[in-house]
Amino acid sequence: MMLNGAEDEEKWLAEGIAGIQHNAFYMHRALDSNNLREALKYSAQMLSELRTSKLSPHKYYDLYMRAFDELRKLEIFFKDEGKHGVSVVDLYELVQHAGNILPRLYLLCTVGSVYIKSKEAPAKEVLKDLVEMCRGVQHPLRGLFLRSYLAQVSRDKLPDIGSEYEGDADTVMDAVEFVLQNFTEMNKLWVRMQHQGPGRLREKREKERNELRDLVGKNLHVLSQIEGVDLEMYKETVLPRVLEQVVNCKDDLSQYYLMDCIIQVFPDEYHLQTLETLLGACPQLQPTVDIKTVLSRLMDRLSNYAASSADVLPEFLQVEAFAKLSNAIGKVIEAQVDMPAVGAITLYVSLLTFTLRVHPDRLDYVDLVLGACVKKLSSIPKLDDSRATKQVVALLSAPLEKYNDIVTALTLSNYPRVMDHLDNGTNKVMAMVIIQSIMKNNTCISTVDKVEVLFELIKGLIKDTDGADVDELDEEDFKDEQNAVARLIHMLYNNEPEEMLKIICTVRKHTMAGGPKRLPFTVPSLVFSALRLIRQLQGQEGDIVGEEVPATPKKIFQLLNQIIEDLSNVPSPELALRLSLQCAEAANDCDLEHVAYEFFTQAFVLYEEEIADSKAQVTAIHLIIGTLQRMNVFGVENRDTLTHKATGYSARLLKKPDQCRAVYACSHLFWVDDQDGIKDGERVLLCLKRALRIANAAQQMANVARGSSGPVTLFVEILNKYLYFFEKGNQQITGAAIQGLIELINTEKQNDSATPDSASDAFLASTMRYIQFQRQKGGIMGEKFESIKL
């Protein structure tokens, strides 16, 4: 059925076009022969094709355009009185005798255009006559196109200021009256179109009507182009008359389109000065009108106007634009109880954008907008509309983008309340946006209050929220989030030690609630933030008596001890051990022996009780040895105790090669260059000999297990240690001992069971070249190395 209807319409259109072409052919012949009566006859017959009621608006437009093109040619003929020999006044009378009203009015408009151009009558009289005459066609579609034709032929002939058709003092008013009257009639016809045809086709008709909206809207565009329409006239006459028609038509399609037209075609300063009138019409519109889009576009235009120049901002203050817009939005949301959440939030986003552009210094206005949004969100059981969620994110992002400073956003009391209405996923996204803003702008958060608010905003990242399943988190996303939080902690800083300690305690309170998966990411940043404070306070002694205990290194070390203990309970023993050693180094720099000893004790306990993996043990013991070597705060007894522990654990590693390397590393604990008191050559030699025994045992085990003794890498490594201490002046390390070790290595290499290894061979060759180089260098060092016979 629909296919047949479409085919019929195409056939009717083709017949209409053929009729226009046929009559246009004879009209042209009459024009060429200057036969006016024949030309009028065939032009009337041609225009009769527009009387059809069989075509849809889209097809009717095609037919109308064919006729329009021919009418332009006819108008050119009418202008040349010499060709047809009839005055324009007589011609104006003559065309009114056409048989049918529709062709008659088209011809009348065409001649009327020539009549005005001839200036034989005032433009306002002719225009008034034409606009009244067009009332004769009340068929919605035909009447709409007829009046569109009238608007088209008259738009350059209005009696405007500066126009060649300008008349008396009220000339602009005449032009405005003509356009308003034509607009009103066109809108009535356009609205009436919805009532044509059966009810079942209403949706189709609305679509067709929507396609014709520009015919009506062009009138408003013409009004905006009239030079004489100043602010006063717009305020007193144009806007009230247009809004009266908009409100009274009670058609949602017309109201939405025309309100949008008003906003788009008239100047921004006019909107600003008539804001109350324009906003006053909004609650009077039909409930089904998409008023949120209309208001959003109005606010966007005003926002752009405010951003265009600082000179216009006083105008906004003068008319109290924010108060009026805020009040209007409140009334609209209250009146339209069924407005979806996305609509209301979109309005608040536009209002906030407007506020940030016009009143960037009024944070109370910004907070008011956020508060109004909270009120709306509180009335919604759950925000499950993705579009609404997107708008909330836009609302929260706007202040960050405007101020480039999260500190400003932290002063807004309603900011975290808006975030509370986001789902877990979106809350995290917004939290990441906040952190990225801080990092991008290098913002420093320097007070406890602001840190509290900040952590309230990003709580979705720092602890498990209700209903969130940690096991279902994407591992990569989780790592990115926690690394972002870790970076954020370094942006929380205050030069005042007491205030900084309070910040550290606040961060600890929040991060420690993060659960076992988060602590390994966030605790290191917290620890290093505290260590930075300790280095700032370095050199301060003891506690000061008073009501408030000041920030002292001892107090901060106590806090760090608790933090690391909490981390070790997660458990994350390897990280806890590393941090303990960092704290021990910091205590060393502060000359706090007992504190440093405590952290080393904690590290050894973690090593012994918590770290079971052999590879982790190797890494841990080397970290302990390296840190202990750099310590200079310990007395003889404490150092001996710790050194004994380190060497003992080194010798008990699972694999012989690991044992060997850890033991020879311990030799450095007994010989530290920058400390005169620690140069125990005998114990260095004992460590190296012990390492040799372990290396020899490793060779034998390899021979038993694999039938080959394995590479001599361990021996070459020990040889390098011998050479190091030999150079440093350790009297216990002699040239003969080094020579004996070289012979041992060569013997091992020549052993039938030795495994060839190019890396070991290269290492040895490089070592031998070094010895040769030192021998040839001369001087005291050269003499020392001469004792090594190669």
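Reading helices, contacts and salt bridges in a predicted model

Author: Asn 703 has its place in helix α36, which covers residues 681-706. Keep in mind that this is a predicted model.

Reader: Is Asn 703 buried, exposed or partly exposed?

Author: Relative accessibility decides the class, and buried means under 20% while exposed means over 50%. Asn 703 has 34% relative accessibility and therefore counts as partly exposed.

Reader: How far apart are Asn 703 and Ile 329 in sequence and in space?

Author: In sequence, 374 residues separate Asn 703 from Ile 329; in space, the distance is 88 Å from C-alpha to C-alpha.

Reader: Now helix packing. What describes two packed helices?

Author: Two values describe such a pair: the angle between the axes and the distance between them. Take helix α19 (residues 341-358) and helix α20 (residues 363-378), whose axes come within 9 Å and cross at roughly 175°. Because angles over 145 degrees count as roughly antiparallel, α19 is roughly antiparallel to α20.

Reader: Which residues of α19 and α20 meet?

Author: From α19 the contact takes Ala 344, Ile 345, Tyr 348, Leu 351, Leu 352, Thr 355 and Leu 356. Their counterparts in α20 are Tyr 365, Val 366, Val 369, Leu 370, Ala 372, Cys 373, Lys 376 and Leu 377. Sorted by class, the contact of α19 with α20 has 13 nonpolar residues, one polar and one charged.

Reader: At what angle do helix α6 and helix α8 pack?

Author: The angle between α6 (residues 101-118) and α8 (residues 140-154) is about 10°, and their axes are 9 Å apart. That angle makes α6 roughly parallel to α8. Leu 102, Leu 105, Tyr 106, Cys 109, Thr 110 and Ser 113 form the α6 side of the contact, and Arg 142, Phe 145, Leu 146, Tyr 149, Leu 150 and Val 153 form the α8 side. The residues of this contact divide into nine nonpolar, two polar and one charged.

Reader: Which parts of the chain does the pair of Arg 297 and Asp 260 link?

Author: The salt bridge between Arg 297 and Asp 260 has its closest N and O atoms 2.9 Å apart. This pair links distant parts of the chain, 37 residues apart: Arg 297 is in helix α16 (residues 291-308) and Asp 260 is in helix α13 (residues 252-265). Arg 297 is partly exposed, with a relative accessible area of 33%, whereas Asp 260 is buried at 14% relative accessibility.

Reader: Where do Asp 268 and Arg 301 lie?

Author: Their side chains meet in a salt bridge at 2.7 Å, N to O. Asp 268 lies in helix α14 (residues 268-273) and Arg 301 in helix α16, so the pair ties together parts 33 residues apart in sequence. Both Asp 268 and Arg 301 are buried.

How values were computed. Residues are numbered from 1 along each chain as its sequence is written. This is a predicted model: local features need pLDDT of at least 70, side-chain atom pairs count only at pLDDT 80 or more; totals for chains, interfaces and linings use all residues. Side-chain values use heavy atoms; hydrogens and water are left out. Axes are lines fitted to C-alpha atoms, for helices over the stretch in contact, and angles run from 0 to 180 degrees between N-to-C directions. Helices (H or I, at least four residues) and strands (E, at least two) are DSSP runs, numbered from the N terminus. Angles under 35 degrees count as roughly parallel, over 145 as roughly antiparallel, 65 to 115 as roughly perpendicular and the rest as oblique. Contact means heavy atoms within 4.5 Å. Ala, Val, Leu, Ile, Met, Phe, Trp, Tyr, Cys and Pro count as nonpolar, Asp, Glu, Lys and Arg as charged, and the others, Gly among them, as polar. A salt bridge is a side-chain nitrogen of Lys or Arg within 4 Å of a carboxyl oxygen of Asp or Glu. Buried means under 20% relative accessible area, exposed over 50%, partly exposed in between (1.4 Å probe, protein chains only).
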